[in-house]
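Please look through the sequence and the structure shown here before reading on. The paragraphs that follow go from one site to the next, and each can be checked against the model.

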Amino acid sequence: MNEKHVPFKLSALKEIVEKYPTPFYIYDEQAIRDQARLMQKAFAWMPGFKNYFAVKACPNPEIMKILKDEGFGADCSSLPELLLSEKVGITGEDIMFTSNDTPPEEFQQAHRLGAVINLDDIEHIDTLEQSVGIPELVCFRYNPGEGRTGNVIIGEPKEAKYGVTRDQIIQAYRTMKQKGVKRFGLHTMVASNELQGSYFVETARMLFELVVELKRTEDIRIEFINMGGGIGIPYQPDQDPVDLFGVSNGVKALYDQIIVPEGLDPLRIVFECGRMVTGPYGYLVSQVRHVTEKYKRYVGLDATMANLMRPALYGAYHHITVMGKEDAPHDELYDVTGSLCENNDKFAIDRKLPEIHRGDLLVIHDAGAHGYSMGFNYNGKLKSAELLLKKDSTVQLIRRAETIDDYFATLRFEGSGVEV
Ligand SMILES: *Cc1c(COP(=O)(O)O)cnc(C)c1O
């Protein structure tokens, strides 16, 4: 069980809402720091442990600065994400560039910053060589195919567009060695939002075995394995978070059994988790516009799936707290919707909640990762603000809400005021 906690009271929220109209995202700085520290502590034995925070999960420089401060790097998959990292002072091998279907200019930017380049495919070797030459250090993303099973968000590995296959992986390293690469890493990401700790222990086993095989058959020494992201979070109140210490102990046992006897210790072990770092500590706050009775009962919010698309995209559960009614009986059944002309614009379907009225403030939980960043502008909806609830309980605006001017800024038409 995990208690669904809101880090502010209704009275404090009302003050925030007076200054920053709903909807908005708000992130809890202290909780994010605590979570980062827990991860550092759980994996402290791992040689050179680092979590490269997956920037796409929460691409806000203030959040990235907090995580840099806690010792994290950045996992980037696009040019703007690389630039965000540079802006907050994360450079060099503190950046993992894990992209796919990558254009030359992104390899150039990654190379300029000295990032670790993680290749998604053998075809990309050419693109890399033509755009920046052959770097000293290269990593490949491995896709084990039938070797592993995935889950609903990422799909089965054999159906996934990512990574180098089992048949290609040895040759891929051999080719890079022949081309003069001196340092090697090995990456995989086979699950997303996975709550079973043993899954990650098995991933470590798979990578350790490949490290040994590459040493034995190709005399290639892998200097780090990157376990990817994908550590899940308990979106449902009856779920438990992943036991990081359990994962850590399981990986340690395999390290001692597989890596140490081969003389391959130290082998650095790194992750690129996003969701588990910020997910539970970001909230989408929205106000009720209407409560309507049709064939079902609907709560209409001022947020839409354009603010948070996970429920519509994956049928994902996001817990909802009706502020000030936490202890009221949850015996009303509602669909909680937005205002898009799109019937799957729903945050919850058939959810038991306390009786809701116009003007109530709703907090949608676990929106701190893959929330704001997946937002879009369909139906002319504008992106919301992002706020940071600081350690001292003050609130800082870390991204203003979009305006109509922002919406019009990219349009070119006669009368737009911009030369066509
Ligand atoms: C999305 C992604 C991550 C982060 O995943 P989380 O589920 O947020 O931990 C890490 N690495 C790669 C390659 C990804 O695509």
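In this predicted model, Asp75 is in contact with Tyr52, Phe53, Ala54, Val55, Glu81, Met96, Thr98 and Glu272, once its neighbours within four places in sequence are left aside. Asp75 itself belongs to strand β3, which covers residues 73-76. Although Asp75 is buried, it takes part in no salt bridge. The nearest side chain of opposite charge is that of Lys56, and it lies 5.7 Å away, whereas a salt bridge requires a side-chain nitrogen of Lys or Arg within 4 Å of a carboxyl oxygen of Asp or Glu.

Most peptide bonds are trans, and most residues other than glycine have a negative phi. Against that background, the bond that joins Thr22 and Pro23 is a cis peptide bond, with an omega of about -5 degrees. Pro23 is placed in the loop that runs between α1 (10-19) and β1 (24-28). Another cis peptide bond leads from Asp265 to Pro266, where omega is near 5 degrees, and Pro266 sits in the loop between α9 (244-259) and β9 (268-271).

Asn193 is found in the loop between β7 (183-188) and α8 (197-218), and it counts as buried because its relative accessible area is 18%, while the limit for a buried residue is under 20%.

Asp366 also has a positive phi, of about 55 degrees, although it is not a glycine. Its place is in the loop between β15 (361-364) and β16 (385-389). Is Asp366 buried or exposed? With a relative accessible area of 4%, Asp366 is buried.

Key. Residues numbered from 1 in each chain as written. Predicted model: local features only at pLDDT ≥ 70, side-chain atom pairs only at ≥ 80, totals over all residues. Heavy atoms only, no water. Helix = DSSP H or I, 4+ residues; strand = E, 2+ residues; numbered from the N terminus. Buried < 20%, exposed > 50% of the residue type's maximum accessible area, 1.4 Å probe, protein only. Lys, Arg positive; Asp, Glu negative; His and termini not counted. Contact = heavy atoms within 4.5 Å.
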